[in-house]
Amino acid sequence: MRLTNLPSEFQKALPILEKIKSAGYEAYFVGGSVRDALLHRPIHDVDIASSSYPQETKAIFERTVDIGIEHGTVLVLEQGSEYEVTTFRTEDVYVDYRRPSSVNFVRSLEEDLKRRDFTVNAFALDERAQIIDKFNGLEDLDNKLLRAVGKAEERFNEDALRIMRGLRFAASLDFDIEDATFQAMMTHAPLLEKISIERSFIEFDKLLTAPHWKKGVKAFKDSRAYCYLPGLEESQDKWDEFTAAYSDDFVFSSSEQAWAALLIALDVPAVKPFLKKWKTSAQFQKIVDALVSLYRFRQSEQLGLRQLYQYGRETIEVIEELRQAQGLAVDFEKIAELDQSLLIHDKHDIVVNGGMLMSELGIKPGPELGKILSQVEWAIVDGKLANKKETIFDFIANLDSK
Ligand code: ATP
Ligand code: MG
């Protein structure tokens, strides 16, 4: 089969294939970009597979970067873009289900395609726009089916991350998982405990933020993959509620929002320790923690100036979006009004600071100073005190505690 309209991303990258070919090697577009072109989806990352070994690839191009030579990958800088050119290789042999112990470079495209995870990820596209489809991926694509290349059990046994990848492709492509592939996912799910949590996080995060996340979550639940992921071991009864809580067409607008929604649904009492187990960044933990506590606050309270100040408008809107998708009461106008009537948005917006209180009012450094500043801050936030030097000094002069 030929692609009738070669997408511009491939056209732009054609000179790379041609250069490799004129040096006497084979070269093809491979991976997700070919799948996405066939599905008429936007293309990102045009990846190239070649029979040239890394050193040979480097000799062909003027500008290259060694980004993963040991895996056969050279980054080629051409046409104002970057392209990963990876040497054909066979299935990696894994040690403890984690790291490939060795990589075998080969000269055969078919060997390279065999090691790929799913039939729809195992196409190659040549310079004449011809699709090479060794595993009936085109038929699976038509049927919207995700099927492992070769024997599913072997493939998940080799690399259990493929289970998470499969579940996320179901969510991003809106594909069903073919029966034997799904059976093998279920039986090999315990191997997920051996996969690095950072890699599982990336896939699960992509699943949650995908357009068809509900389909992904259902497959995730049915596969019992959650039993082998941190903090989710006992979550069996929560997944249906999680998906049912949101309107059908709702898609999370960020990772932070998606994870907050997940932790809300799971009723996780301590958000940061949970996310720490997934080895997420401190910044991510902080944002999700704030989102979850704001959501919980909103279950029984109205928003006021203090919440606007504490959480900021953006965070509040992220939670209101969740509430809206749950059919709960929201008032975006009120949020805008509250935000506009806030006299300060940050401590540093206050026109006086500790130094001024010490030098101009003779207040001694120490806990008392902090207390006074905090009273000033909240009085301004509450709209009871103008953010003006004299007014603030008057306010301090009248404070009982002073
Ligand atoms: P995305 O659109 O999310 O980038 P992708 O299919 O391009 O999806 P990548 O992680 O970029 O996924 O990998 C590129 C290609 O490499 C895949 O299409 C697949 O052929 C192969 N691949 C990636 N990870 C694995 C794996 N764990 N096992 C087997 N093949 C893999
Ligand atoms: Mg990709």
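In this predicted model, an oxygen atom of ligand 1 is found 3.3 Å from a polar backbone atom of Gly32, which counts as a polar contact, a pair of N or O atoms within 3.5 Å.

| Residue | Atom of the residue | Distance to an oxygen atom of ligand 1 |
|---|---|---|
| Gly32 | polar backbone atom | 3.3 Å |
| Arg35 | polar side-chain atom | 2.8 Å |
| Asn121 | polar backbone atom | 2.8 Å |

Of the 590 Å² of accessible area that ligand 1 has on its own, the protein covers 79%, with areas taken from the Shrake-Rupley method and a 1.4 Å probe.

The shell around ligand 1 holds 15 residues, each having a heavy atom within 4 Å of the ligand, and those that come nearest are Arg35, Asn121, Asp159, Arg162 and Arg168.

The largest share of the shell, four residues, comes from α7, a helix being a DSSP run (H or I) of at least four residues, numbered from the N terminus. Domain 1 (1-143) and domain 2 (154-244) each give at least three residues to the shell, with bounds from an automatic or database domain assignment.

Residues are numbered from 1 along each chain as its sequence is written, while chains are lettered from A and ligands numbered from 1 in the order in which they are written. Local features need pLDDT of at least 70, side-chain atom pairs count only at pLDDT 80 or more, and totals for chains, interfaces and linings use all residues, while side-chain values use heavy atoms, with hydrogens and water left out.

Note on methods:
A polar contact is a pair of N or O atoms within 3.5 Å; within protein, one must be able to donate a hydrogen and the other to accept it, and residues adjacent in sequence count only if both atoms are side-chain atoms. Helices (H or I, at least four residues) and strands (E, at least two) are DSSP runs, numbered from the N terminus.
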